[in-house]
Amino acid sequence: MPFTPKILAFSGSSRKDSFNKKLIAVGVAAAKAAGGDVTLIDLRELELPIYDGDLEKEKGLPAGAVRLKQLMLASHGLLISTPEYNSYFPPLVKNAIDWSSRPAPDKAISGLTPLADKVVGIMSASPGALGGMRSMLALRQQFSNVGTIVLPAMFSLARADEAFDDNGGLKDEKHRASVEKLAQKLVTLATKLHG
Ligand SMILES: Cc1cc2nc3c(=O)[nH]c(=O)nc-3n(C[C@H](O)[C@H](O)[C@H](O)COP(=O)(O)O)c2cc1C
C-alpha cells in the first residue's frame, strides 16, 4: 500500500482576512493533490499564552500546547505560511515552537523536539515587495535549530494584497505553479524520510 505522509499546516497569522491564511489554503490544496494527508490548524484556536516559565511550573503545559505536540508528533511534515513582522517571523509562530519544545509528563508526548526529523515547507505572504522573504530566512534558521529539515525551495508572495481572486485562488499561474512544486517536494521528501 502506498505511504501517505501526514502534513500539519498552519498560517503564522490568525487574522481573519490574513493573506497567509489564503496562501496556506492554496498550499493545503496543493499538498492534498500531491498525495498528502493534510491537517490545517488555526494557531489562534490553540489559545496559547505567551510562554511563561512560572505558568508552566504551576500548571504544566496548556491544553493547546499538548494538542500542538500531539499534532506535530502525528505528522511527517509541516507546511507553513508566515507573515513578516519587522523583518522576522511573528511571535505567534515562535510561541508555538517554544511551547511545542517543552517536555510533558505524558510519555506519549514527552519529547523535547516533536519537530525533529520532520520536513517543513515554508511560504510567506506580504503586501510588500519582498513578500516576507526575510521572515522565511529567519524561520529556516529557527527550524534548523530544532532539528527540522527545511526544504531548500521556499515561496514568497509579494504584493499579496493584489495576488488573490475573489475565491481565494492565486491569480498568477506562475505563483500557482510555485506553490504546487513546493507542495510536491514536501510530500515527496516526507515520503522518502518516513515511508
Ligand atoms: C508589527 C508589524 C510589522 C510588520 N513588518 C513587516 C515587515 O518587516 N515586512 C513586510 O513585508 N511587512 C511587514 N508588515 C506588514 C505585514 O506584512 C502585513 O500586515 C500582512 O498583511 C500580515 O500578514 P497577514 O495578512 O497574513 O496577517 C508588518 C506588520 C506588522 C503588524
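In which helix is Met133 found? I noted first that I am working with a predicted model, and then located Met133 in helix H5, which covers residues 133-145. Together with Leu130 and Leu137, Met133 makes a nonpolar surface patch of about 260 Å².

Next I turned to the ligand, which is surrounded by 13 residues, with Ser13, Arg15, Ser18, Glu84 and Ser126 as the closest. By class I listed four nonpolar, six polar and three charged residues in this shell. I found a polar side-chain atom of Arg15 at 2.7 Å from a ligand oxygen, and a side-chain N or O atom of Asn20 at 2.8 Å from an oxygen of the ligand. For Asn86 I noted a backbone N or O atom, 2.8 Å from a ligand nitrogen. The ligand taken alone exposes 620 Å², of which the protein buries 68%.

My last entry concerns the salt bridges, of which the structure holds six. One of them joins the side chains of Lys21 and Asp42, with N and O 3.0 Å apart. This pair links distant parts of the chain, since Lys21 sits in helix H1 and Asp42 in the loop between strand E2 and helix H2, 21 residues apart. I recorded Lys21 as partly exposed at 25% relative accessible area, whereas Asp42 is buried at 18%. Another salt bridge, between Lys94 and Asp98 at 2.9 Å, lies within helix H4, where the two residues are four apart, about one turn of the helix.

Key:
Residues are numbered from 1 along each chain as its sequence is written. This is a predicted model: local features need pLDDT of at least 70, side-chain atom pairs count only at pLDDT 80 or more; totals for chains, interfaces and linings use all residues. Side-chain values use heavy atoms; hydrogens and water are left out. A residue is near a molecule or strand if one of its heavy atoms lies within 4 Å of it. A polar contact is a pair of N or O atoms within 3.5 Å; within protein, one must be able to donate a hydrogen and the other to accept it, and residues adjacent in sequence count only if both atoms are side-chain atoms. Accessible areas come from the Shrake-Rupley method with a 1.4 Å probe; for residues, only the protein chains shown count as cover. Ala, Val, Leu, Ile, Met, Phe, Trp, Tyr, Cys and Pro count as nonpolar, Asp, Glu, Lys and Arg as charged, and the others, Gly among them, as polar. Patches are made of residues with over 30% relative accessible area and no salt bridge: like charges are joined within 9 Å, nonpolar side chains (Val, Leu, Ile, Met, Phe, Trp, Tyr) within 5 Å. A salt bridge is a side-chain nitrogen of Lys or Arg within 4 Å of a carboxyl oxygen of Asp or Glu. Buried means under 20% relative accessible area, exposed over 50%, partly exposed in between (1.4 Å probe, protein chains only).
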